[in-house]
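Good morning, and thank you for coming.

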Amino acid sequence: MTRSKSLRGLGSKYGGTLRKRYTKVFRTLKAKKECPSCSNMRLKRVASGIWKCASCGYTVAGGAYDVSPAKAQQR
Ligand SMILES: [Zn+2]
């Protein structure tokens with residue numbers, strides 16, 4: 001069983017299933033997103049489901065943890 005060392009926050013609590021889900025969300029959250037407007041990789045989540053580009057100020061509604069809700073819903 002391999003575990004990423006950079007992943008912190010939950011430790012061994014809450015059981016394996018939730019931790020697995022948390023890992024996926026955490027990775028998605030930390031991954032760089034491409035701005036649909038200017039193609040810069042500077043899209044940031046300002047609130048749950050709201051993404052804003054740090055480069056051009058473009059704001060887009062998306063998933064809670066990813067810009068594309070369809071992608072986030074794939075399990
Ligand atoms: Zn942009």
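I shall speak about the confidence of the model, then its elements, and then a few residues.

This is a predicted model: local features need pLDDT of at least 70, side-chain atom pairs count only at pLDDT 80 or more, and totals for chains, interfaces and linings use all residues. Residues are numbered from 1 along each chain as its sequence is written.

Let me start with confidence. The pLDDT is the predictor's confidence in each residue, from 0 to 100. Its mean over the protein chain is 76, and 69% of the residues reach 70 or more. Where pLDDT is low, the predicted coordinates should not be read in detail.

I turn to the elements. The protein chain has two helices and three strands; helices (H or I, at least four residues) and strands (E, at least two) are DSSP runs, numbered from the N terminus. In what order do the elements run from the N terminus on? The order is α-β-β-β-α.

A residue is called buried if 20 or more other C-beta atoms lie within 10 Å of its own, exposed if 12 or fewer, and partly exposed in between, with C-beta atoms placed from the backbone. By this rule, buried residues make up 9% of the 75 residues in the protein chain.

Helix α1 comprises 16 residues, and the count of buried residues among them is zero. Its end C-alpha atoms are 22 Å apart, which agrees with the 22 Å that its residues should span at 1.5 Å a residue. The expected span here is 1.5 Å times one less than the number of residues.

Next comes the sheet. The three strands form an open sheet in the order β1-β2-β3, with antiparallel pairing. The edge strands are β1 (43-47) and β3, each pairing on one side only. From one strand to the next, the twist averages 35 degrees, where axes are lines fitted to C-alpha atoms, for helices over the stretch in contact, and angles run from 0 to 180 degrees between N-to-C directions. Two strands pair if DSSP finds at least two bridges between them. Arg45 has Trp51 in β2 as its bridge partner, while Lys52 stands opposite Thr59 in β3. The hairpin of β1 and β2 has two residues between the strands, and Gly49 there takes a positive phi near 90 degrees.

Lys33 lies in the loop between α1 (15-30) and β1. Is Lys33 buried or exposed? Lys33 is buried, because 20 other C-beta atoms lie within 10 Å. Lys33 and Asp66 are 33 residues apart in sequence, yet their C-alpha atoms are 8.2 Å apart in space.

Ala54 is placed in the loop between β2 and β3, and Ser55 is found in the loop between β2 and β3 (59-61) as well. Ala54 counts as partly exposed because it has 13 C-beta neighbours inside 10 Å. Ser55 is partly exposed, with 14 other C-beta atoms within 10 Å. Two residues are in contact if their C-beta atoms, placed from the backbone, lie within 7 Å. Leaving aside residues up to four places away in sequence, Ala54 touches Arg42 and Lys44, and Ser55 touches Cys35, Cys38, Asn40 and Arg42. From C-alpha to C-alpha, Arg42 is 5.4 Å from Ala54 and 6.3 Å from Ser55.
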